[in-house]
Amino acid sequence: MTTALYRHGDVLIGSVAALPVGAIPQADLVLAHGEVTGHRHRIREAGAARLFRSGSSLYLHVTAATATLVHEEHRPIVLPTGVYRVWQQREYSPEAIRPVLD
Amino acid sequence: MFRINARGRQPARPAPAATPLPATPPPAALPARVTINALGQLTVEQLPSVAVPLKVSPDQVRALLLNGPLPDALIVTGPVRLRGEKRLRELPRSLDCTHLDVRDCPNLELLPEHLRAVSVRASGTAVREVEGDWLVREHLDLSNNSHLRRLPARLTTRSLDVSNCAQLRTLPASLHLTHWLEVAGSGLTSLPAGLRVPLRWQGTTVDERTAFRPDELRAVDLLHVRNVTHRRVLIERMGLERFLQELGGLVLDRDRDAGGERQLLSVPLPDDEPLHALRVRCPSTNHQYVLRVPPHIRTCRRAAAWLAGFDHEADYQPLLET
């Protein structure tokens, strides 16, 4: 259960207590790519946060006082220090439940 | 034919900076077109003389184009960057450069008749007609030219953006385009015969029916399109009202979130489970989306929570949605 939840378009960010053990740091700060438009949900300030992957889950560790989540179309969201899990909206179809494709 | 933007109607264009013709040239030295009319009479039409191009560096080009005198033919050994320049009214008749950026030059009316460039960004100008021969090796952006009616008869480029050129009704028959054509909000209703190129609408690849014949789109087909961005374009092209009208479903619930009113729609489908979808509006872009949810869901709140990954609506209480 998350305690602070944000929605940035089809990307959801929810605070969690800590990074999972063994989470692997990622090279960039892109939370999600738009498949069609090429737009990106990303952290604007380099050095303010790090992304981690644990299995199929993505985590964001905001290390600065704040980090700004930006996108070409959506208004920015300022995230305070903390650890967050990142996931995408899902969508139903009779065949399968799938993440929303942006 | 009367042409609003024909160069011949412009007040005197400054004389070419380069070598003018001798005072009394031999007649054969002038370029001319010889034709025979229906009565068998010979006519000789003198063609405009071609000046020797002036060659300048990118550092010099701004002062030259803004302060003049404007050369008839210009070669720039690099990019021409004049974005947002209100003083710019015309470009040389012939221009050769790497990148040409004249975006948001609100008084720019005359583009070159002969252009060679790697890329051209010329959106948001006052251009009405472009004539002649253009070769742009990469991208040509002519979007948001609300008065643009005509493109060069000979035009070759990799990709072309004519979005929001509402007055542009046709493309040149000999247009050569290899990668894509962006047409959202243009006046185009078809492609020239023989032109086969991927079409885009607001950056999304669409077919000719979506771009030019949206009245043929059907709502149920659209809901089966998986990509929500693609589906949004299809719904916008079809028209949301018709889309919802065609669904013929029930509004099971309605409430409000950060984007305004949202509705939970239920559409019975023959030989299938009912289709339940939440119609929402993005609070940032104001675009509307229709997102399918499981058929057991009966409220908007429950549907929004399910889309966000929660099975219980009490668990989905975002602090901020943008």
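# Reading salt bridges and a chain interface

Q: B:Arg62, B:Glu85 and B:Arg87 are linked in a network of salt bridges. What counts as a salt bridge here?

A: Side chains of opposite charge can pair when their charged atoms come close. The rule used is a side-chain nitrogen of Lys or Arg within 4 Å of a carboxyl oxygen of Asp or Glu. By this rule the count over all chains is 17. This is a predicted model, where local features need pLDDT of at least 70 and side-chain atom pairs pLDDT 80 or more, while totals for chains, interfaces and linings use all residues. Side-chain values use heavy atoms, without hydrogens and water; residues count from 1 along each chain as its sequence is written, and chains are lettered from A and ligands numbered from 1 in the order written.

Q: How far apart are the closest N and O atoms of B:Arg62 and B:Glu85?

A: They are 3.0 Å apart. B:Arg62 sits in helix α1 of chain B and B:Glu85 in the loop between β5 and β6, so the pair ties together parts 23 residues apart in sequence. Helices (H or I, at least four residues) and strands (E, at least two) are DSSP runs, numbered from the N terminus.

Q: Is B:Glu85 buried or exposed?

A: Buried means under 20% relative accessible area, exposed over 50%, partly exposed in between (1.4 Å probe, protein chains only). B:Glu85 has 12% relative accessibility, so it is buried. B:Arg62, at 37%, is partly exposed.

Q: Which residues of α1(B) are buried?

A: B:Val61, B:Leu64, B:Leu65 and B:Leu66 are. Their cover includes β3, β4 and β5 of chain B. After the helix comes B:Gly68, with a positive phi near 70 degrees.

Q: Which side chain does B:Asp72 meet in a salt bridge?

A: That of B:Arg93, at 3.1 Å, N to O. B:Asp72 lies in the loop between α1 and β4, B:Arg93 in the loop between β5 and β6, 21 residues apart. B:Arg93 also forms a salt bridge with B:Glu113, at 3.7 Å. B:Glu113 is in the loop between β7 and β8, so this pair ties together parts 20 residues apart in sequence. B:Asp72 is buried at 13%. B:Arg93 is partly exposed at 28%.

Q: How much area is buried between chain B and chain A?

A: The size of an interface is often given as the accessible area lost when the parts come together. Here the buried area (1.4 Å probe, summed over both parts) is about 2,900 Å², with 52% from carbon and sulfur atoms. B:Arg226, B:Trp306 and B:Thr322 lose the most area in chain B, together 22% of what that side buries. In contact terms (heavy atoms within 4.5 Å), 34 residues of chain B meet 28 of chain A.

Q: How many salt bridges lie between chain B and chain A?

A: There are 2. In one of them, A:Arg90 meets B:Asp311 at 3.1 Å, N to O. On the side of chain B that touches chain A, α4, β18, α6 and β19 each supply at least two residues. β18(B) gives the most, with 4 residues.

Q: Which strand of chain A is joined to β19(B)?

A: Strands pair if DSSP finds at least two bridges between them. Strand β1 of chain A (residues 5-8) has 2 bridges to β19(B), and the two run parallel. A:Arg7 has B:Glu321 as its bridge partner. Chain A itself has 0 helices and 10 strands.

Conventions
Buried area is the accessible area (1.4 Å probe) that two parts lose on being put together, summed over both.
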